[in-house]
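Thank you for asking me to look over this entry.

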Protein chains: 2
Amino acid sequence: MAALLEGGKLHKYGPVQGDPELREILSGVIAEEIGVRYAPPEIAITVGVKSGLDILVRVLLEPGENVGIMTPFWVTYPESVKIAHGIPCFLEADEDLRPNLEKLRREIEAKNIKALLYSSPCNPSGVVYTRDELEEIAKVAKEKDIWVISDEIYAKFVFDGRKHESILSIGGLRDNAILVDGPSKRFGVPGWRLGYVAGPREVIKGLTKLQGHVNSGTSRPAQYAMRVAYTSQKAREATDNMRQRYERNRDIFVRGLNEIDDVSCTRPEGAFYAFPNIKNFLGYKYEFDGRKYTINSSVDFRNFLLRKAQVAGVEGAPFGMDSHIRFSLATEEENIVKALSNISHAIKELRSR
Amino acid sequence: MAALLEGGKLHKYGPVQGDPELREILSGVIAEEIGVRYAPPEIAITVGVKSGLDILVRVLLEPGENVGIMTPFWVTYPESVKIAHGIPCFLEADEDLRPNLEKLRREIEAKNIKALLYSSPCNPSGVVYTRDELEEIAKVAKEKDIWVISDEIYAKFVFDGRKHESILSIGGLRDNAILVDGPSKRFGVPGWRLGYVAGPREVIKGLTKLQGHVNSGTSRPAQYAMRVAYTSQKAREATDNMRQRYERNRDIFVRGLNEIDDVSCTRPEGAFYAFPNIKNFLGYKYEFDGRKYTINSSVDFRNFLLRKAQVAGVEGAPFGMDSHIRFSLATEEENIVKALSNISHAIKELRSR
């Protein structure tokens, strides 16, 4: 790190849109992984996907405009929209957490929706949109001429030998689709605070202009590290190892969860979360440390697991589903096995009361 | 940089408010330089001063509220305010570019101003607010209970043996004053994209909450480098050398500018810019490359200097004064001498036509 203090161009202001060599590399990454070519001027480096979204919605929205958000959703989506004085419109999923495309069409037709926002693979559900689903979404988006913001940060974590599909590759949607992605998940480096946005040149131009006032772009030493990461064979192998580990953990954990009475968990097809339905435990009571508790929400269920199973989940409410809880699979197999055993015992005790 | 890829905690998410050890160091820096103690919870690390301002104004303002901006101003101030759907109110300076405190009071009384924004040392004018001026501003701010956002990014560059004074050190203003600063100028590292905000605990709490949604905080490797810089004796000496160099350049350049007929430049007391008045050249005509040009604005004068003197200035218009032009003093003495000679010749030719 001392070298950073001694001099060199990474100290000085860089281009607000991000290092051109990095954007050239990302242009190749997008072509390889999604199958479409976005030129460097159609790509901007942002302070994580979060800042990409924050700036993007401010560029695309006028105050008071509606943004459709596929439920369940990453917690930041509605916040980004609200901070930009937009209005989040939640688009409910099917029972199995897949996008409900009929509802989607109805809502888009009923409300004046300006943009649609989702992640696939989905955080928190692990659902990976199929080519058919994406084509249906693309069709509606094209008909109604709305923006589609596709968060593909978990693209490298798709299981069962399936291929990640992106809406950007669907013909005719180039003027409407915007990709957000970054190195945080695939290389395990969220602390670098880097992401990127790819889309129509005019959108990237607007985003860059606003980024010039909002933060002048991202940290250059981190951008340099990002170049190294995206061109490293070793980093690529590490990502692949992570995917294999998450997939094994998914197999063990989700099978185990579904063996527990009254728990049901759809099988995640990607990302690294399990998102079981725990609505059957609402109303249950338990004791801890001499006090009595009733489970009335996903937060209460999270606290129950923390207290009685020493397992940390995240309540489903901020993801738009208070009937669910999210567990991370990004850990060692032994932790997965132990957590499963603890959850199973805690729930057995809960049900027996 | 390879070490960043191998593992270690700088890869993971850090606290949104910034590294606690860094905030502890900055608490000491503020105490030493300004003479008041801000505890680590009263400090947040931001993606440069720009993102600090962007988030701060979104925390402090409701859409449609007024922000007083001392003219001339850093180009980003009005943009930050407008992006947050606030309304910039420009507070004109005196002839000598010093804050006009009577006008300030009148404007604040006439309009419902929510916050006041300025830099001292000032970019672009080099004016350094005196203790008396700050006390007068503090008095009005306290009476009207408005926020004062004090941008002190050039604090280490105050000339003629004077001491930098901060409004944060004025008794009774602790609940109203907010500091923005960072390592970019003092260590010459704007490419790291780091800054910090210090102020009332509730403001920093609000800023941190919003930062959690807007960008999750700043790049951790850069924060680590910032810790090193702020505790390095070598970096401190480098800053002092820069100040001496800028002061020498100021002496040569500003004396030289004032010797040119029809140019007048107030003597910068800090920062590293000269901001001469060039209104006497409006209406002048010149030829370049077979074409005829007339100077009707600061942009035209900038282009005249680029073409006829090979000197790059920045037009005063985006700083709020179309009668002026900004030159940077952050260069080698020989460039200063050469620029002066070129400007002098170009203007002599212009006036002789």
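1. Where pLDDT is low, the predicted coordinates should not be read in detail. Chain A as a whole averages a pLDDT of 96, with 98% of its residues scoring at least 70, and the model scores ipTM 0.92 and pTM 0.94.

2. On conventions, this is a predicted model, in which local features need pLDDT of at least 70 and side-chain atom pairs count only at pLDDT 80 or more, while totals for chains, interfaces and linings use all residues. Residues are numbered from 1 along each chain as its sequence is written, and chains are lettered from A and ligands numbered from 1 in the order in which they are written. Helices (H or I, at least four residues) and strands (E, at least two) are DSSP runs numbered from the N terminus.

3. How are the two copies related? Chain A can be laid on chain B with an RMSD of 0.0 Å by a turn of 180 degrees and a shift of 0.0 Å along the axis, where the superposition is by least squares on the C-alpha atoms of residues with pLDDT of at least 70 in both. The copies are thus related as by a two-fold rotation axis. Within chain A, the C-alpha nearest that axis belongs to S219(A), at 3.3 Å from it, and the same surface serves both copies, since 100% of the contact residues of chain A recur in chain B.

4. As for the interface, 43 residues of chain A are in contact with 43 residues of chain B. On the chain A side, at least two residues each are supplied by α1 (2-6), α3 (48-60), α4 (76-83), α8 (201-214) and α9 (220-230), and α9(A) gives the largest share, 7 residues. This side divides into 20 nonpolar, 16 polar and 7 charged residues; here Ala, Val, Leu, Ile, Met, Phe, Trp, Tyr, Cys and Pro count as nonpolar, Asp, Glu, Lys and Arg as charged, and the others, Gly among them, as polar.

5. Two helix pairs deserve a look, with axes being lines fitted to C-alpha atoms over the stretch in contact and angles running from 0 to 180 degrees between N-to-C directions. In chain B, the axes of α9 (residues 233-259) and α11 (residues 333-352) come within 10 Å and cross at roughly 5 degrees, and α9(B) and α11(B) are therefore roughly parallel to each other (angles under 35 degrees count as roughly parallel, over 145 as roughly antiparallel, 65 to 115 as roughly perpendicular and the rest as oblique). Their contact is made by R248(B), N249(B), I252(B), F253(B) and G256(B) of α9(B) and by E333(B), I336(B), V337(B) and L340(B) of α11(B), which by class are 5 nonpolar, 2 polar and 2 charged residues.

6. In chain A, the axes of α11 (residues 298-309) and α12 (residues 333-352) come within 9 Å and cross at roughly 105 degrees, which makes α11(A) roughly perpendicular to α12(A). L305(A), K308(A) and A309(A) of α11(A) meet N342(A), I343(A) and A346(A) of α12(A), a set of 4 nonpolar, 1 polar and 1 charged.

7. Chain B has an open, antiparallel sheet of 3 strands in the order β8-β12-β11, where two strands pair if DSSP finds at least two bridges between them. Its β8 (273-274) and β11 (314-315) stand at the edges with a single partner strand each, so one side of each is left without a neighbour in the sheet. β11(B) is joined to β12 (residues 325-328) of chain B by 2 bridges, and E315(B) has I325(B) as its bridge partner in β12(B).

8. Cis peptide bonds join S120(B) to P121(B), with omega about -5 degrees, and N123(B) to P124(B), with omega about 25 degrees. P121(B) lies in the loop between β4 (113-119) and α6 (131-144) of chain B, and P124(B) is likewise found in the loop between β4 and α6. A271(B), a residue other than glycine, has a positive phi near 60 degrees and sits in the loop between α9 and β8 of chain B.

Note on methods
Contact = placed C-beta atoms within 7 Å. pLDDT = per-residue confidence, 0-100.
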